[in-house]
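Here is a quick tour for someone meeting this structure for the first time. Have a look at the fold, then go through the points below.

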Amino acid sequence: MEPNPSSAYDRRTRMRSTIALVLCALLAACKSASPAQPERGKPGTEFGDLFTGRTLRVDCQHVGNAETEHFALTGLRLEGPWPGSRTQLVDTLELGKYRFEVVEPSTQRVLFARGFCSIFGEWETTGEAKRQWGSFEESQRFPEPRAPVELVWRERLDDGSWVERHRAPIDPAGRFVDRAPLDTDAEVIGLIEHGHPSTKVDLLIVADAYPFTARAKFIADARRLVDALFDTQPFRRKRADFNVRLLYRPAAEAGLSNPRKDVWRSSRYGLSFNSFDVDRYVLALRDRALREDCAQAPYDALILLCNERKYGGGGIYNLWATVTADSEAAPYLFVHEFGHSFAGLADEYYSSAIAYEELTPPGSEPWEPNVTALLDPAQLKWRDLVAEGTPLPTPWDQAAYDAADLEYQARRKALLDAQAGEEQNEALMREVKQSSGAFLRAQPYYGKTGAFEGGAYMAKGLYRPSVDCIMFTRNPTWFCKVCERAVTQTIERFAK
Ligand SMILES: [Zn+2]
């Protein structure tokens with residue numbers, strides 16, 4: 001998801017056919033000596049019974065168009081020690097557009113599962129995907145199984161049910177697992193250490209576009225933004241549940257490619273502005289290079305920090321967040337984008353309503369924890385946080401807000417068209433922050449939890465939990481109660 005404000009995704013409602021698969025046989029075909037089996041006579045539920053303690057990564061290309069998609073496997077890679085939880089292996093949060101599972105073949109028992117979103121999952125909703133095919137690098141990491149398993153990729157349908165998109169049998173002991181030594185040429189710098197990786201959220205902040213001369217700046221930028229993160233609840237309360245490390249590999253030069261200004265930079269991880277032709281959207285397209293470097297440190301979550309002045313970033317659930325470090329709004333970007341990538345939070349804003357097509361089909365409930373279609377107010381997923389007597393939907397002066405926002409969007413577009421400098425953009429952002437902040441604070445249900453119409457790129461038909469939130473505007477430095485709870489639940493997945 002893009003930094004506020006974002007641009008158009010046109011989304012289609014469809015049910016895709018189950019896809020035949022191409023390359024899985026390659027990985028399943030070879031079998032060498034049998035790995036150790038789970039202990040006999042026991043149900044085999046202990047981590048050590050099922051897994052070796054190392055990390056296995058499966059690389060693939062996620063390919064297709066608006067109507068069809070495939071997961072084409074490209075390789076298996078043995079990484080270092082498994083940094084995730086050894087007790088919470090099957091994700092129960094039920095977030096994400098996709099779900100990845102490691103399944104025991106004989107019983108079909110799910111040994112490991114996690115929800116996720118992907119670049120392809122966003123791209124397929126763009127107009128480009130209606131005209132041509134696209135292909136994006138993607139990977140999944142999981143504890144190395146002791147015995148052969150099946151890897152399963154599922155996609156969530158509009159009605160919330162899951163459909164299997166790909167299944168690949170793999171033998172972890174087979175010849176197709178790349179066991180080459182991991183690189184050691186990136187520098188891992190400890191920032192916050194609170195305990196063993198298996199009981200903590202291991203956040204890795206990866207340098208992008210910091211040359212040799214900018215190593216100290218990278219560390220200072222990361223410290224500043226990590227401080228902003230831990231000034232925000234629930235991260236402040238849960239600080240002891242985190243380890244934070246930095247990964248530094250010098251870049252050739254500073255700055256990001258900016259195709260709209262004909263600025264081009266080499267980027268090891270394929271970062272650039274104007275992803276999906278959205279000026280401020282920054283995606284990392286070279287997943288393989290990124291994963292190989294990151295394997296030098298334990299990590300559960302990634303933030304790619306860009307040595308760049310211009311406002312921009314992105315965040316995709318269980319993938320990574322990208323943030324430009326020198327924007328005036330960098331602290332907001334850091335927290336907001338991490339809200340997407342870490343906790344699966346939706347954008348609560350819906351600006352440029354005229355540019356958006358349907359994101360959530362009428363009658364369906366979005367999976368994100370902080371937006372709802374409010375199909376049945378009695379079943380509102382954050383009902384327990386709504387105080388007695390709060391009307392649902394909850395009134396706010398949306399018409400007045402939208403009128404002011406339309407004017408802002410027009411001024412912003414004019415600056416973009418004129419290729420204005422970052423100072424002018426930031427001056428406009430400051431002005432809007434002041435006026436919209438005052439407007440929202442004056443709303444009768446400000447600070448209360450309810451269901452306020454307008455959210456997730458839809459002015460009508462979708463509702464957000466609070467008048468304001470860091471997932472809605474750049475005004476507050478806090479999450480609303482619903483977002484805060486979702487972040488807490490995610491932290492506890494790693495650190496309980
Ligand atoms: Zn929120």
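Strand β1 (residues 51-64) and β5 pair in the antiparallel sense, with 11 bridges between them. This is a predicted model, in which local features need pLDDT of at least 70 and side-chain atom pairs count only at pLDDT 80 or more, while totals for chains, interfaces and linings use all residues. Residues are numbered from 1 along each chain as its sequence is written. Helices (H or I, at least four residues) and strands (E, at least two) are DSSP runs, numbered from the N terminus.

**The sheet**

- Four strands make an open sheet in the order β5-β1-β2-β8, and the pairing is mixed; two strands pair if DSSP finds at least two bridges between them.
- The edges belong to β5 (134-145) and β8 (177-178), each with a single partner strand, so one side of each has no neighbour in the sheet.
- Across the strands, Arg57 stands opposite Arg141 in β5.
- Helix α6 (residues 287-294) packs on the sheet and touches β1 and β5, its direction making about 30 degrees with that of β5.
- Contact here means that the C-beta atoms of two residues, placed from the backbone, lie within 7 Å.

**Helix α7 and its two partners**

- Two packed helices are described by the angle between their axes and the distance between the axes.
- Axes are lines fitted to C-alpha atoms, for helices over the stretch in contact, and angles run from 0 to 180 degrees between N-to-C directions.
- Helix α5 (residues 215-230) packs against helix α7 (residues 330-343) at about 60 degrees, and their axes are 9 Å apart.
- That makes α5 oblique to α7 (under 35 degrees counts as roughly parallel, over 145 as roughly antiparallel, 65 to 115 as roughly perpendicular and the rest as oblique).
- The α5 and α7 crossing is right-handed; a crossing is left-handed if the near helix is turned anticlockwise from the far one by less than a right angle, and right-handed if clockwise.
- On the α5 side the contact uses Leu225, Ala228 and Leu229, and on the α7 side Ala330, Pro331, Phe334, Val335 and Phe338.
- Sorted by class, this contact of α5 with α7 has eight nonpolar, no polar and no charged residues (Ala, Val, Leu, Ile, Met, Phe, Trp, Tyr, Cys and Pro count as nonpolar, Asp, Glu, Lys and Arg as charged, and the others, Gly among them, as polar).
- α7 also packs with helix α10 (residues 481-495), at about 50 degrees and with the axes 10 Å apart, so these two helices are oblique to each other.
- The crossing of α7 and α10 is left-handed.
- Gly339, Phe342 and Ala343 of α7 meet Cys483, Ala486, Val487 and Thr490 of α10.
- By class, the contact of α7 with α10 counts five nonpolar, two polar and no charged residues.

- Most residues other than glycine have a negative phi, and most peptide bonds are trans.
- Gln233 and Pro234 are joined by a cis peptide bond with omega near 5 degrees, and Pro234 sits in the loop between α5 and β11 (242-248).
- The bond from Leu392 to Pro393 is cis, with omega about -5 degrees; Pro393 is in the loop between α7 and α8 (398-417).
- Asn274 has a positive phi, near 65 degrees, and is found in the loop between β12 (271-272) and β13 (283-284).
- Asp277 lies in the loop between β12 and β13, with a positive phi near 60 degrees.
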